[in-house]
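Please open the model in your viewer and keep the selection panel at hand.

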Amino acid sequence: MALKLGLVGIGKIARDQHIPALVADPRFELVACASRNARVEGVASFASVEAMLAEMPALDAISICTPPNAHFEAALAALRAGKHVMLEKPPAATTRQIALLQAEAARHGRTLFQTWHSRFGAGVDAARDWLRGRTLTGGTITWKEDVYEWHPGQQWIWDAGGLGVFDPGINALSVLTEVLAEEAFVHKAVLEFPENQQAPIAAHLDLRTEAGVTVKAEFDFRQKGEQIWDVELVTTTGRLRLSQGGGVLEIDGRPVAADAALAGEYPRLYARFAELCAAGQSEVDWRPFQLVADAFLIGERRTVAPHQV
Ligand code: NAP
C-alpha cells in the first residue's frame with residue numbers, strides 16, 4: 001500500500017524536486033498539500049498544516065519543505081497526529097528544536113527523517129568508503145553560488161534564523177560530516193553580513209578534526225559565472241574531490257564512475273523515507289546544524305555592502 005503523503009510549503013524545492021520525485025515513486029501517493037498561498041493541481045490544498053491534518057485523517061506521512069523557521073510547529077503537529085515526518089534541510093530554527101522533534105517521534109512510534117539531500121549525491125558513499133583507513137592531512141570546501149539564481153526573491157533567507165549563505169553551506173557540512181571518519185568542530189569563523197540584512201552573505205571557516213587537521217571552508221552567495229560546490233580532502237595516500245555538490249567524485253584527478261542507481265538525490269531521499277517508515281525507524285543527525293550554530297557562536301562579524309533581494 002502506498003503511503004498517503006501531504007506536502008508542506010509549496011515553493012521552489014517542492015516544485016523542482018519533491019513533487020516530481022513523489023509522482024514517480026509508487027511507494028507514495030501525494031494526496032494533499034499545505035501552503036499559505038500556493039496550490040498543487042489535482043491534490044487537496046489547505047492553507048495550514050493544522051487544517052490538512054484535521055481534514056485528512058487518512059494521511060500516513062507529511063514532508064516539510066518550508067524554510068527552517070516553520071519546521072518545528074508543523075513537524076510537532078504532524079507527529080502528535082501520528083504521522084511520519086520528513087524534513088528538508090536545514091532541520092529547524094534552533095538546535096534544541098530538532099532534539100525535541102526526535103524525542104516526540106520516539107514517543108509516538110513514528111519516523112522522523114531529518115534529511116540532508118547532498119548526502120545522497122552520487123559520489124558521496126564512494127568518497128566515504130575511500131577515506132576509511134586513510135589519514136587525512138587537510139582539506140578545502142568551496143561552496144560559492146549566485147543567490148539570485150538559486151534563491152530568487154527569498155527574503156526569509158536574509159532574516160534572523162534564515163541562515164543566509166549557510167542555507168546552501170550546510171550542505172557542504174552535511175557531506176563533510178558524512179565522509180570523514182573522525183569528528184570535526186569549528187575552530188575559527190569569519191561571517192560577512194550585508195549592512196541591511198540579518199544573515200551572512202559569506203562565511204570563512206576553519207574546521208578542525210579531532211586529530212588536529214584543518215579543513216578550510218569558503219561559502220559565498222555573490223558568485224557569478226561558474227557555480228562551485230566542491231569538497232577536496234587530502235590524505236597521506238591520495239586526494240579526493242567531490243564536485244557538483246557531491247554528485248561527482250574524482251580520486252587523484254581521475255573520475256570515479258557512479259552507479260546509475262545512485263542518480264537523483266530526491267528519488268533516493270524518498271526511497272529512504274519509505275524504508276524508514278516500513279522499519280519504524282528515525283534518522284536524525286544534527287551535527288552539520290551544530291557546526292553552523294557554532295560558527296554563529298564564535299564567528300567574527302564583518303559588515304559588508306548592502307544586499308538587495
Ligand atoms: P521557497 O521557494 O521560499 O519556498 C518555501 C515555501 O514555504 C514558500 O513558498 C511558502 O509558501 C512556504 N512558507 C511557509 N512558511 C514560510 C515562511 N515563514 N517564510 C517563507 N515561506 C514560508 O524556498 P525553497 O527554495 O523551496 O526552500 C525551502 C527549503 O528547502 C529551505 O529550507 C531550503 O534550504 C531547502 N532547499 C532549497 C533548495 C533550492 O535550490 N532552493 C534546494 C534544496 C533544499 P506559502 O507562502 O504558500 O506558504
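Predicted model: local features only at pLDDT ≥ 70, side-chain atom pairs only at ≥ 80, totals over all residues.

Residues are numbered from 1 along each chain as its sequence is written, and side-chain values use heavy atoms, with hydrogens and water left out.

Begin with strands E3 (44-46) and E6 (112-114), the edge strands, each of which pairs on one side only, in an open sheet of six strands with the order E3-E2-E1-E4-E5-E6 and parallel pairing. Strands here are DSSP E runs of at least two residues and helices are H or I runs of at least four, numbered from the N terminus; two strands pair if DSSP finds at least two bridges between them. Next, select E1 (residues 3-8) and E4 (residues 61-64), which are joined in the parallel sense by four bridges, and look for Leu5 opposite Ala61 in E4. Contact means heavy atoms within 4.5 Å; axes are lines fitted to C-alpha atoms, for helices over the stretch in contact, and angles run from 0 to 180 degrees between N-to-C directions.

Move on to the open sheet of nine strands, ordered E14-E13-E12-E11-E7-E10-E9-E8-E15 with mixed pairing. E14 (254-256) and E15 (300-304) are at its edges with a single partner strand each, so one side of each has no neighbour in the sheet. E8 (residues 184-194) pairs with E15 in the parallel sense over five bridges, and Thr303 in E15 is the bridge partner of Phe193.

Now select helices H5 (residues 124-131) and H7 (residues 166-179), whose axes lie 8 Å apart at an angle of about 40 degrees. That angle makes H5 oblique to H7, oblique being the class left over after under 35 degrees (roughly parallel), over 145 (roughly antiparallel) and 65 to 115 (roughly perpendicular). At this contact, Val124, Ala127, Arg128 and Leu131 in H5 meet Val175, Glu178 and Val179 in H7.

Which residues line the largest cavity? Select Val147, Tyr148, His151, Pro152, Gly153, Gln154, Trp158, His307, Gln308 and Val309. A cavity is a set of points on a 1 Å grid over the protein atoms alone where a 1.4 Å probe fits but cannot get out, and lining residues have an atom within 4 Å of a point. The space in the largest cavity is about 40 Å³, a volume being the space filled by probe spheres set on the points, which are joined across faces, edges and corners.

Key
1 Å grid on protein atoms, 1.4 Å probe; cavity = no way out; pocket = protein on both sides within 12 Å on 5 of 7 lines; lining within 4 Å.
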